[in-house]
Amino acid sequence: MKLYIVGFGCGSYEGMTLGAKLAIERSDLIVGYTVYAGLIKQYFLDKEYFCTGMRQELDRVEAALEQAAGGRTVSLICSGDSGVYGMAGLAYQLSPMYTGVDIEVVPGVTAALSGGALLGAPLTADFAVISLSDLLTPWEKIEKRLRLAAQSDMVISLYNPSSRKRADYLRRVCLILLEYLPGDTVCGYARNIGRNGEEYAVMPLCKLKDASVDMFTTVFIGNSQTKNIGGKMVTPRGYNV
């Protein structure tokens, strides 16, 4: 009666933590979003999978808990970290209805960290992580967070910057941030981190607004100290060098 909630990182085998690999190997059943399950199936071919599509998170978590309550060892997989925009919170919310299930959250490397490593060292100082998806969070609240983060002079990492229905969101965000930040603020993005098609770019905020991004892209907005050093995005911590 065991449920692992596993953050498997960016999807590459090398990007998984040892804890994530062990949890999946110990499991009888892997439950996850269809796209994310597709990323790891090649590494765990002998496992049984239960997958659902976008916006069916509740069904996935209920299925994982039900199977675990029935005596199976289950891994509910999440890209990145299982607690950062992942399913860990929802699983705990629903867990009182499935007595006896032992839940263990297995952390993974979230995109702010793996994308930051690809770009250089943008997160050396304080930073904020904000999702631009307004499926579960009203846009008004997202915009407020963006404005306050910009005024705080923290580096900002943006998740879910675009989709078919939100194609102009990154541009909207950049125009908001340009009310507080200079146009030459060093920014960058990382796409398909650790997978085929991996790419990154460093550019000023005034050009970021026209960048082409998607749901597999993580965007970084520098603070007033962030620099472009040899094509890498670097935020000094304050050492006297």
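Author: Two strands pair if DSSP finds at least two bridges between them, and helices (H or I, at least four residues) and strands (E, at least two) are DSSP runs, numbered from the N terminus. This is a predicted model, in which local features need pLDDT of at least 70, side-chain atom pairs count only at pLDDT 80 or more, and totals for chains, interfaces and linings use all residues. Residues are numbered from 1 along each chain as its sequence is written, and side-chain values use heavy atoms, with hydrogens and water left out.

Reader: Which residue is the bridge partner of alanine 121 in β13?

Author: Strands of a sheet pair through backbone hydrogen bonds, either parallel or antiparallel. Here the partner of alanine 121 is valine 234, and β6 and β13 (residues 232–234) pair in the parallel sense over 2 bridges.

Reader: What is the order of the open sheet of 3 strands?

Author: The order is β6-β13-β12, with mixed pairing. Because β6 (120–121) and β12 (227–229) each have a single partner strand, one side of each is left without a neighbour in the sheet.

Reader: How many disulfides are there?

Author: A disulfide is a pair of cysteine sulfur atoms within 2.5 Å, and by this rule the count is 0. The sulfur of cysteine 10 lies 15 Å from the closest cysteine sulfur, in cysteine 78, which is too far for a bond. Cysteine 187 is in no disulfide either, the nearest cysteine sulfur, that of cysteine 174, being 6.7 Å away.

Reader: Is cysteine 187 buried or exposed?

Author: Buried means under 20% relative accessible area, exposed over 50%, and partly exposed in between (1.4 Å probe, protein chains only). Cysteine 187, at 0%, is buried.
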